[in-house]
Amino acid sequence: MGLDFNPVHVALAREFAQERGLANVEIVEGDARRTALPPSSFDLVHARLILVTIPDPLEVVSEMVRLARPGGWVIGEEADCITLLCHPPHPAWDRLTEVFLAVWRHDGADPYLGRRLPDLLRGAGLVDVGVEARADVYPVGHSRRTIHADLVQSMRPKILDRGLLDERELDELDRAIREHLSDPRTLVVPHLYFLSWGRKPAA
């Protein structure tokens, strides 16, 4: 079962499953903080890149724990913006990073949540908590090589509404950084990713 708050994403996921004949997959629309699904329903509850985007991530973790059966597992994968590495450095990258972090914080989210993920799982009552971390280097042509610039573009309405940049500045910075990233000699590590898991104690 998959769950998403956005009805457009739900429709896309359903189409994806249908096209591949995945008859045992169900996609539902709902709020991850209050799913209304029955408690203790799943052997495994997994979330990826959700907690880093919301003001109170413990709400979602607590709901994940509620949905897991006793002895079941809760797993999360979340980004941490400690890296946001671009080498050689470029002023467009630095400026877009400043704007990106400003929007994130204004929305009440924590761009460095990844490192806190194991503590959130423990705080929600899970045991046998483990954690791994990885950082990926993306070559030219990989869709995630420009993920930082793409995320900034997705924030465009907020950036303009809050006066952080005007349209001309944003377009110029976007053009400059994409040109820099098109050089195969440029090294890009957008985020550090933390994978953490924990087991719900048996009743």
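Helices (H or I, at least four residues) and strands (E, at least two) are taken as DSSP runs and numbered from the N terminus. The model is predicted, with residues numbered from 1 along each chain as its sequence is written, and local features require pLDDT of at least 70, side-chain atom pairs pLDDT 80 or more, while totals for chains, interfaces and linings use all residues. Side-chain values rest on heavy atoms, without hydrogens and water.

Strand β4 (residues 68-80) contains A79. The relative accessibility of A79 is 8%, so the residue counts as buried (under 20% relative accessible area, with exposed over 50% and partly exposed in between; 1.4 Å probe, protein chains only). Contact is defined as heavy atoms within 4.5 Å. Apart from neighbours within four places in sequence, A79 has contacts with L49, V52, P111, L113, G114, H191, L192 and Y193. Between A79 and T186, the C-alpha to C-alpha distance is 22 Å, at a sequence separation of 107 residues.

D31 lies in the loop between β2 (27-29) and β3 (42-48). D31 is also buried, because its relative accessible area is 15%. When residues up to four places away in sequence are not counted, D31 touches L3 and F5.

The chain as a whole comprises seven helices and eight strands. Its C-alpha atoms occupy a box of roughly 55 × 35 × 35 Å along the principal axes. Buried residues make up 41% of the 203 in the chain. Of the contacts between residues at least 6 apart in sequence, 83% link residues at least 24 apart.

A volume of about 1500 Å³ was computed for the largest pocket. A pocket is an open set of points on a 1 Å grid over the protein atoms alone, where a 1.4 Å probe fits, with protein on both sides within 12 Å along at least five of seven lines; lining residues have an atom within 4 Å of a point. Grid points are joined across faces, edges and corners, and the volume is the space filled by probe spheres set on the points. The largest pocket is lined by 48 residues, of which L3, D4, R48, L49 and I50 are the closest to its centre. Two or more lining residues come from each of β1 (2-4), α1 (7-19), β3, α2 (57-67), α3 (91-106) and α5 (147-154). The largest share, six residues, is from β3.
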